Structure formats: C-alpha cells, structure tokens
Amino acid sequence: MRRISKLTRVAVGVASLGLVATACGGTSSESGGGDTKEDKGLAIAYDIGGKGDQSFNDAAYAGLTKAKDEYGYKTADIEPTEGETDADKEQRLASLAKQGYNPVVGVGFAYAPAMKAVASKYPDTTFGIVDSVVEGKNVASLVFAEEQASYLAGVAAAKATKSNTVGFVGGVDIPLIHKFEAGYKQGVEDTSGGKVKVISQYLTQTAEEGGFSSPDKGKAAAEGQIEKKADVVYQAAGLSGQGVIEAAAKAKVWAIGVDSDQYKQAALAPYKQYILTSALKDVGGAVYALAKSVHDDKPLTGIQTFDLKVNGVGLSESNPEFGKIAGLKDAVDKAKEGITDGSIKVKTE
C-alpha cells in the first residue's frame, strides 16, 4: 500500500532560498568536511538541461547549497549526459549511495524507473525524487501543485493582456506539463470570463527530442504565438523557456517565467523588464526539507506535497510593473485566498 504523508510543513518559503549563480558544467562536488561516510550529505542528480537552466535544476541546486552551508558536509551534484538510458541513471544513483551520500535526490520524473530499481538495494539511504511518485520505504516523492501556481499566472496574464490573446509554451507533451497548461487556462478563463484566448503549443512529444533543453525551439514557438497577437506568453519548458523570454522581450510583450523567480536570474537580466512574473515551484525548499529531515534523523518518506498552503508554489512579484497593472495584484490575492480555502478548485488536465 502506498504510504501518503501529511502535507510537509518543513519547506522553506517559495523563493526564499534565492538562486545561486551557476554555470553549466560537468560532474561536481563541494567539500565542507572530511571524506568519511559520516561527513557526506545531500547529493542531487540533475534533470535534462542540467545546472545553469535558471529554472528547475538551479532551484534544486539552491536547496543543496543551503543544506551544505547549514550542515557543513560534503555534497555532490551530477550532470546528465545526452541520450542517457535508465541504466545510466541507475548507475549514477547507485554510485552516490555507495559513496555514502544521504539523501540522494533525482531531480525530475525521468529518474522514476532508476530510483525504483536502486532504492531497495540501499535501505540505509534515503532517496528523493522530484515530480514523480516512487514506492519504497526509503523514498520521498517530492511533488508539487503546479496547477495552482499556473492558475495565478493565468490570472496575471488575463489582467495584463491588451490584445485579449495570451500564449502557453510547454516543453514536452506529458501529464506533468499538462498541469501547468490546465491551471493557466483556467486562471485566464475565470478572470476574463472567456474573453481572453489562450494559444497553446508543446515543443516536442518526448524529452529526448529537446523540449526542455532547446532555447531555439522555445524562441520559435513564442515568435509564432506573438505573430498571432499574443502579448503575454507563459512558458513551462525548462532551459527552452529562455528562448521564450528572449522572444517576448524582443517583441516588447510580457513573458511569464516558471519554477524560479526568473526576473532575478543574472543570465536573463537583459530581458528582465519584460518578465512580468514567474509561477514559482519551490524545488529548492523541497530538496532542503528532505536533507534537513535526514540530518535530524527523521527522514521524510512517502508522498510529500508542496502546494500553495505550505508555500510550496506561488507567484513572484519582483518586477515593479507587476503592481502597476490595474487590478492585477488584487485579483491574484483573491485567487490565492480562493485556492487555499478550497472555494477555487484548480484543474490538473
């Protein structure tokens, strides 16, 4: 039987970690202590796009950095390889566990088969997986209510549009990204009363085709939507989303970021004035929460849900323009209240 934990409340607030400036690179580790097993702590294995995506993977790295700074132990963060198999992922997770890292986190649903195969072989190690549910006595499934943050993004888009046409660019046509689209469309619909049209596009059918790792694909998709009069474009596309933001800035229309507060990302600074807001997903907080639980000898296991009630998702307000658009902030605040009190039920598909 699947063990379902109560909503975890040890997550730090959305975006409270802040993203550490990063650059793409290969396998890396950071030492804060000796090389004995007892001195080894959190290790993360990145999803497609790797470190430097200014979004999903970098948020996980922020969680690792916070844990390393707080506990002074050795950490590791490992890059994916192009065209890798589940067997490659298994080897990566097993190697980290064998070296004594604890917990070991797979960042992304693609690690599900590998984690299912590896976790039972290392019962003394706590494993975590982001965006998927894996059964196991020593596995914590770190999942998010992405649809709730996306609903708020839809509210913002409906209030910001002047053309009554907005866009959505999804990286890969999969159920996880459908949650982003569903929440966004519902937020737009509820706020505009059906007056605002949403144009949706997915970049690829599979991750292997580069939907989460191709800024050029994101840029082309956004340009197409902008040609169709979209003046707000929301992207849930990982590294590809950088191309969406670039296209929006070039056309001087609004972009809505995802996962991290992309207005604050150094790599996106040239475009920041056109990043209206970002749908936040506190991957860093979830990763840190798991590390803290292991450090406290009370490891989290089972399904850990990070939603609006526990600040696991949200909407950024960093861009000063966010507060200048008539009715936008009030509408978002009202939607937050409705979601948290249950009067607004957000769709996931």
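Two strands are taken to pair if DSSP finds at least two bridges between them. Helices (H or I, at least four residues) and strands (E, at least two) are DSSP runs, numbered from the N terminus. The model is predicted: local features need pLDDT of at least 70, side-chain atom pairs count only at pLDDT 80 or more, and totals for chains, interfaces and linings use all residues. Residues are numbered from 1 along each chain as its sequence is written, and side-chain values use heavy atoms, with hydrogens and water left out.

The protein holds nine helices and 13 strands. Of its 349 residues, 59% are buried (under 20% relative accessible area, with exposed over 50% and partly exposed in between; 1.4 Å probe, protein chains only). The accessible surface is about 14300 Å², by the Shrake-Rupley method with a 1.4 Å probe, where for residues only the protein chains shown count as cover. Carbon and sulfur atoms contribute 48% of that surface. Among contacts (heavy atoms within 4.5 Å) with a separation of 6 or more, 72% link residues 24 or more positions apart.

Six strands build an open sheet with mixed pairing. Their order is S8-S7-S9-S10-S11-S13. Strands S8 (197-204) and S13 (313-315) stand at the edges with a single partner strand each, so one side of each lacks a neighbour in the sheet. The twist averages 15° from one strand to the next. Axes here are lines fitted to C-alpha atoms, for helices over the stretch in contact, and angles run from 0 to 180 degrees between N-to-C directions. Strand S11 (residues 275-281) runs antiparallel to S13, and three bridges join the two. Leu280 has Gly314 of S13 as its bridge partner.

Another pairing involves S6 (residues 139-144) and S12. These strands run parallel and share five bridges. Leu142 stands opposite Gln304 in S12. Strand S12 (residues 302-306) is mostly covered, with four of its five residues buried.

Helix H5 (residues 175-192) has 18 residues. From first C-alpha to last it reaches 26 Å, close to the expected 26 Å (1.5 Å times one less than its number of residues). Its buried residues include Leu176, Ile177, Phe180, Tyr184 and Val188. Gly193 follows H5 and has a positive phi, near 65°.
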